[in-house]
Amino acid sequence: MITVPDEHQRTALLTFLYFMADSKYPSENGYNSGTGSSHHSHLMYTANSALQSIRSHLLQKSGLQQHSQQSTLPSGIRATHSHSLYHHTAQDVNLRQMLSGRSGLSRMTLENDTLVSKNVGANIRTESSKSLEQKILNDDIVQNIIYAFTGIQGKYLKKDVISGRFKLDKKVKFLNVVQAGMLLRLSELGYYHDLVQSYTDTKSGLCPLGLMGQGFVSALKNELTRYYGMVATLQEQLNRQRDLEHNTIIKANAIVPMRHERLTLMKILVWSVDALKRLQWLATIAEACQEKKGGALASTVHSFLNNGNPMVKSLVHELLVAICGPLYQMLSHWLLEGEISDPHGEFFIECLSEVGPDRLWHDKYRVRTTMLPNFVSTEMAHKILVTGKSINFLCEICEDKRPVKGRDELRQCIEENADHIFSCVADTKLHSTIDAIYLNTSKRVLDIVMGPHKLLEHLQAMRRYLLLGQGDFIGILMENLKCELDKPAKELYSYDLSSIMDCAIRSTNAQYDDPEILNHLDVRLLTPCDGDIGWDILSLQYTVRGPLATMLDPCMGIYQMLFKPLWRMKHMEFVLSSKIWKDQKCNAKPLRSMAMELNPVLYRLHLLTAEMIHFIHQMQYYILFEVIECSWAEFQGRVQQAKALDDILDAHDDFLNIIKCGAFLDSSSGQLCQNMENVYDGIIRLELWQDKFYEICFKELTARKDYESYILMSEAAGEFGVTADRQLERDQESKIFEQFIGSYHKSLDNICADYEKAVRCFLLTLNSHNDHNLQLFGIRLDFNEYYKKRDQRLCVPLTFEHMRMSIMFNGSKSLAGSRYSTVN
């Protein structure tokens with residue numbers, strides 16, 4: 001090791017060199033020109049002091065080196081070293097004698113000069129032999145290090161079978177601690193070289209997969225090639241150094257080697273710092289990318305881009321450019337041609353080959369989240385998906401193969417600014433170009449769908465017919481279908497019902513609709529079950545074709561699901577208004593003669609009918625107007641602001657979801673739906689009860705009229721009255737009728753009690769619902785607090801305890817076990 005002298009020694013050495021340079025050109029009288037005797041004496045004194053300081057420093061240094069080298073070098077080299085140290089001491093003595101003064105220098109004889117010259121020549125030869133051996137040893141160590149840099153074992157370094165790292169050979173005994181430490185430290189470069197090289201070998205099973213994985217491996221190989229070039233530069237310098245060792249110049253009986261820059265372990269250590277860091281990061285990145293492919297591989301490498309080291313960021317950037325090369329090609333094909341060229345499943349957009357063209361827009365293409373790079377946002381991935389999907393939709397479904405505006409700009413931008421895709425901010429030229437072509441393709445699709453294919457008109461027709469928005473048509477249709485739908489379900493035929501529907505269309509304002517729209521409307525009969533009638537299986541069907549089927553096919557099932565409860569609600573309104581209430585008004589006058597007997601029952605019947613009609617009318621108003629019509633107005637506003645087809649489809653999906661919640665068909669409204677069915681069952685029971693009740697009443701009325709006519713006929717015949725048997729028979733029939741009236745009165749009370757129970761449960765569920773609109777709807781249903789006065793649970797504030805008890809009550813099977821009693 002080279003020691004740096006302290007400040008005093010440095011000053012002494014510089015003074016000595018100054019004196020030697022000043023005494024090199026003596027004047028004619030033996031002194032340097034321009035100096036006096038006093039100045040000369042001062043220089044001599046300074047030179048002597050410098051010599052003493054240098055000599056003491058050299059002796060101390062020689063002693064340390066002697067002790068160190070004798071312990072490490074071979075015996076022959078140690079002897080040479082001792083001999084060299086002896087001659088160094090002799091040289092110090094001679095040098096001191098030379099500096100003792102001008103008189104000493106003038107008294108030197110020619111014999112002494114000759115002796116000194118011989119001694120110096122011998123010392124130089126000894127020094128040269130020793131130096132040559134040290135240089136050969138140093139070159140041998142350097143050569144082994146260069147071998148280790150490329151993973152090759154040498155004389156001093158061997159590979160560990162388990163860890164793969166280099167270790168010192170146990171047979172080598174003459175290396176000192178410094179050399180051994182330098183060898184082990186430099187051998188780390190060879191270990192990381194082997195590690196990186198293993199990730200580029202496909203047989204190792206460690207390298208990434210797919211085309212993007214091949215790009216990563218190619219980048220690693222390029223880094224190794226650059227590394228090999230640096231190692232080759234070291235080997236070339238070592239070879240040149242060895243050649244120069246053999247070319248020496250003999251001058252004045254002294255062997256003087258040619259001056260050149262020697263390659264030492266310290267220089268290699270300085271050179272290897274950057275290379276070691278680079279290989280370490282390459283090994284770390286490659287280890288994290290094992291057996292990954294596509295977007296997952298790009299995401300893994302991109303995560304290292306957040307490192308604050310500029311060297312690491314530059315390295316990761318180069319790797320990303322190499323990895324994303326295949327991604328750029330796949331992205332270009334998708335955005336420009338609508339084609340997926342992905343043989344290894346690496347692209348973040350996939351095509352489901354088993355899905356037909358009728359489901360192209362919704363199901364055929366989708367984002368593969370496992371392959372979505374973390375530098376591509378979800379919004380950008382959606383735009384990329386829609387752009388390619390729109391091109392396929394235009395070509396395959398709409399048969400429009402005209403090129404989309406902005407294709408050339410996008411192709412040029414991808415070729416020139418490919419690295420913008422993994423930018424930390426999404427405001428690059430590439431992102432703006434993708435946004436532009438997304439808007440162009442979306443506008444193209446939107447214009448075609450809204451124009452020639454009349455998307456908005458078809459959506460409005462489905463609202464009017466499937467969601468019962470065309471009220472006059474639905475009313476006439478029910479009136480015309482009543483006789484058919486009262487039959488058992490197995491006796492119905494769809495073609496008979498279709499003809500009746502056509503008559504309803506011609507009889508209402510539906511006849512003024514576009515014939516092309518009306519041709520999509522038809523009647524559908526569901527699969528009947530045992531005990532079903534026509535009302536249970538009838539359904540209206542709206543058939544869409546062409547591009548509309550591709551977009552609206554997933555929604556048709558929702559429309560059918562919504563039609564059933566709306567149709568049932570309309571049927572209940574039809575039963576109450578056109579059947580129960582109408583029969584009551586029509587039968588009131590014929591049964592006026594029996595008013596005294598029937599009034600208690602009819603009064604209760606009229607009250608129950610009014611309750612039911614109020615309930616159904618409020619239900620219809622809420623669902624058909626507040627839910628459907630208000631949601632439709634909001635949907636139309638979003639359609640006017642739509643920039644892409646997906647904006648309209650998303651607004652349409654929201655429109656249907658709102659109706660599902662309003663019609664109590666969502667997952668959180670199961671109890672409401674069950675309570676609604678209980679209310680409807682009460683209406684059906686009342687219809688059946690009323691039919692039987694009026695049947696008995698008219699039978700009794702007919703019997704009474706027959707009895708009176710018999711009396712009149714007997715009077716006209718001169719019989720003047722009736723027989724006792726006939727009178728007894730009539731009295732018996734009257735008693736039986738009175739018993740029937742009493743029993744029907746009790747059964748009507750049971751129907752009323754069950755109906756009120758169902759309504760109270762429905763109101764309680766509404767009050768405990770999280771939706772404030774439903775809570776307000778419950779208040780409107782009980783506007784006069786009729787049910788609230790009859791159930792104390794409806795008087796409890798809307799607290800958590802109230803909601804919990806409501807849920808407990810609704811989950812119970814009977815009111816008998818409830819801790820809350822009702823007030824009658």
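Cys-289 has 0% relative accessibility, so Cys-289 counts as buried (buried means under 20% relative accessible area, exposed over 50%, and partly exposed in between, with a 1.4 Å probe and protein chains only). Before going on, keep in mind that this is a predicted model, where local features need pLDDT of at least 70, side-chain atom pairs count only at pLDDT 80 or more, and totals for chains, interfaces and linings use all residues. Residues are numbered from 1 along each chain as its sequence is written, and side-chain values use heavy atoms, with hydrogens and water left out.

If you're looking for disulfides, the structure holds 0 of them (a disulfide is a pair of cysteine sulfur atoms within 2.5 Å). Take Cys-395: its closest cysteine sulfur belongs to Cys-398 and sits 9.4 Å away, which is too far for a bond. Cys-395 is also partly exposed, because its relative accessibility is 28%.

## The chain as a whole

The protein chain has 27 helices and 8 strands (both are DSSP runs numbered from the N terminus: helices are H or I with at least four residues, strands are E with at least two). Of its 824 residues, 42% are buried. Looking at contacts between residues at least 6 apart in sequence, 73% join residues at least 24 apart (contact means heavy atoms within 4.5 Å).

Helix H13 runs over residues 407-416, and its buried residues are Arg-407, Leu-410, Cys-413 and Ile-414. These cover an arc of only 130° around the axis, so they lie on the same side of H13 (the arc is that of the directions from the helix axis to the C-beta atoms). Over on the other side of H13, you'll find Asp-408, Glu-415 and Glu-416 exposed. The cover over the buried residues of H13 includes helix H10 (310-337) and helix H14 (429-450).

## Two buried arginines

Arg-368 sits in the loop between strand S6 (365-367) and helix H12 (378-397). With a relative accessible area of 18%, Arg-368 is buried. Setting aside neighbours within four places in sequence, Arg-368 has contacts that include Asp-342, Glu-346 and Glu-350, along with Phe-347 and Phe-348.

Arg-463 belongs to helix H15 (residues 455-465) and is buried too, with a relative accessible area of 9%.

## Met-612 in helix H21

Met-612 is part of helix H21 (residues 595-640), and its 0% relative accessibility makes it buried. Leu-576 is 36 residues from Met-612 in sequence, but their C-alpha atoms are 7.5 Å apart. Not counting residues up to four places away in sequence, Met-612 touches Leu-576, Gly-682, Ile-683, Leu-686 and Tyr-755.

## Where H24 meets H25

Helix H24 (residues 724-767) and helix H25 (residues 772-781) have axes that come within 7 Å and cross at roughly 145° (axes are lines fitted to C-alpha atoms, for helices over the stretch in contact, and angles run from 0 to 180 degrees between N-to-C directions). On the H24 side, Phe-762, Leu-763, Leu-766 and Asn-767 meet Leu-774, Gln-775, Phe-777, Gly-778 and Leu-781 in H25. By class, this contact of H24 with H25 has 6 nonpolar, 3 polar and no charged residues (Ala, Val, Leu, Ile, Met, Phe, Trp, Tyr, Cys and Pro count as nonpolar, Asp, Glu, Lys and Arg as charged, and the others, Gly among them, as polar).
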